[in-house]
Protein chains: 2
Amino acid sequence: MDDETKPKGQMSAEVRRELLMTAALEVMKREGVAAASTRAICEEAGMPHGAFHYCFGSKRELFAAILRNGLDVPLEKSWILLSPSTHPEDAFRILLRGYWDDVVADPRRELVLSELTNHALRDDALRGLPAWESGLYRERIAKHLSELAERTGSEVLIPHTDLAEMILSAILGATTSWLSHGEDETARRTLDHFAGVFARFIHPREATVAADL
Amino acid sequence: MDDETKPKGQMSAEVRRELLMTAALEVMKREGVAAASTRAICEEAGMPHGAFHYCFGSKRELFAAILRNGLDVPLEKSWILLSPSTHPEDAFRILLRGYWDDVVADPRRELVLSELTNHALRDDALRGLPAWESGLYRERIAKHLSELAERTGSEVLIPHTDLAEMILSAILGATTSWLSHGEDETARRTLDHFAGVFARFIHPREATVAADL
DNA sequence: GTCTATACGTGGATAGAC
DNA sequence: GTCTATCCACGTATAGAC
């Protein structure tokens, strides 16, 4: 039962940091980022309040750790679902629906993501993290677009990063809007519309060109 | 100079409420919603702290008043710019660029809008306001779409509210993404791409149909 | 390393003087 | 109506006992 060699309820600061981070996210989802005080987080983690400050130098460090860890892995899973034979028309629909499944599976998470991003943007020491994360996602999507185009022998009509940013914006916007109005069906329909739109940016390459191989 | 009949620095509670609301927005833009304490707001407005609680019963009431007042008037101005002869192709570009001009004219405002919405979503007494505002905007856009279609003798290929929601999502998403990465050119390009996309949902009606009139 | 106790500031809200 | 003084809960962070 005891996978630690330490005598009592002792555990490495490393483990404690993990516990505090997950506890923090739990509190944030339940009561909001503003309510996630160091006291509330420690209580959630079952630790005394004093534990906090020998795991993290300050609350800001905890925020930085959470943001750096990456909160969501948008789309990453769903790209894998695409088989080489998948039509671009269907590809984006599968992709956005996969994303939406993740959202409805844990809706509060999206609100936390927005709150955390806003929080970071207001803090000089954290302001860089949203930009970094945003760029990371865009690059990933752009890379997947290249692979998709190559696999299906198609070409993307605009720069890959442009389409990636559009996809990111559409996802983000539909989700944000849904947080406000709460209409599941509307969000689903909006994403489906966008899927159709994005597919039109993927154009099958001429057969004659393919023959060059 | 004195447009008040009251003897001293006296002013109606009505006026004070207005002053507090604008002061609150000022503080929020400068330091964030979280930093907008009743004390900070009163200081900004040049009032003593005690003034707050005979203008608003609670801080929540101030938030409700601000949210109900409507923070942004998205697109509303720009629709007017469209002349009857404007091609749908150009219409959306004019529209989204007009929106973006407003954003860059006062960038902090968008961050505040996001913060305020998140705040409201966490408060049982305020949760309804974002939904109400969201629905209002969608309706307005849908109405303008109808007018645009009628004026140009075109038809919209999907339900007007569907396209309205897409426009709203695209705007919201592009703005939110821009708040993170801060790249003005990227945002502008993204919105232009979306403008082109939306135009394809507007289809000129058959000349033969128009002849029916 | 671990945790208790505490320091110190700030928040929203109110009582009561003017 | 207007404002001062104050209450009390809660925030981050630290000092120091174990």
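UniProt positions are given here in the numbering used for this structure, feature names are shortened, and annotations may be inferred rather than shown by experiment. With that in mind, the unreviewed UniProt entry lists residues 37-56 of chain A as "DNA-binding region", and the annotation "domain: HTH tetR-type", also from an unreviewed entry, covers residues 14-74 of chain A.

The model is predicted, so local features need pLDDT of at least 70 and side-chain atom pairs count only at pLDDT 80 or more, while totals for chains, interfaces and linings use all residues. Residues are numbered from 1 along each chain as its sequence is written, chains are lettered from A and ligands numbered from 1 in the order in which they are written, and side-chain values use heavy atoms, with hydrogens and water left out.

Helices (DSSP runs of H or I, at least four residues) and strands (runs of E, at least two) are numbered from the N terminus. By that count, residues 37-56 of chain A are 40% helix and 0% strand, with end C-alpha atoms 13 Å apart. The span 14-74 of chain A is 61% helix and 0% strand, and its end C-alpha atoms lie 27 Å apart.

Chain A is assigned domain 1 (13-67) and domain 2 (76-211), with bounds that come from an automatic or database domain assignment. The centres of these two domains of chain A, taken over C-alpha atoms, are separated by 30 Å. Where the domains of chain A touch, 11 residues of domain 1 are in contact with 14 residues of domain 2, contact meaning heavy atoms within 4.5 Å.

The size of an interface is often given as the accessible area lost when the parts come together. Buried area here is the accessible area (1.4 Å probe) that two parts lose on being put together, summed over both. Domain 1 and domain 2 of chain A bury about 1100 Å² between them, with 70% of it on carbon and sulfur atoms. Of the area that domain 1 of chain A buries against domain 2, A:Lys29, A:Arg60 and A:Leu67 supply 58%, more than any other three residues.

A:Arg60 also joins A:Asp123 through a side-chain salt bridge (2.8 Å, N to O), a term that requires a side-chain nitrogen of Lys or Arg within 4 Å of a carboxyl oxygen of Asp or Glu. Across the interface of the two domains of chain A, the rule finds 2 salt bridges. On the side of domain 1 of chain A that touches domain 2, α1 (13-31) and α3 (59-69) of chain A each supply at least two residues, and α3(A) gives the most, with 5 residues.

The second interface to follow lies between the chains. Here 42 residues from chain B and 42 residues from chain A take part in the contact, and the area buried between the two chains is about 3300 Å², of which carbon and sulfur atoms give 56%. B:Arg122, B:Ser180 and B:His193 supply 19% of the area that chain B buries against chain A, more than any other three residues.

Between chain B and chain A the count is 6 salt bridges; A:Glu183, for its part, forms a salt bridge with B:Arg138, the closest N and O atoms being 3.2 Å apart. The side of chain B that touches chain A draws at least two residues from each of α1 (13-31), α6 (107-122), α7 (128-151), α8 (160-181) and α9 (184-199) of chain B, and its largest share, 13 residues, comes from α8(B).
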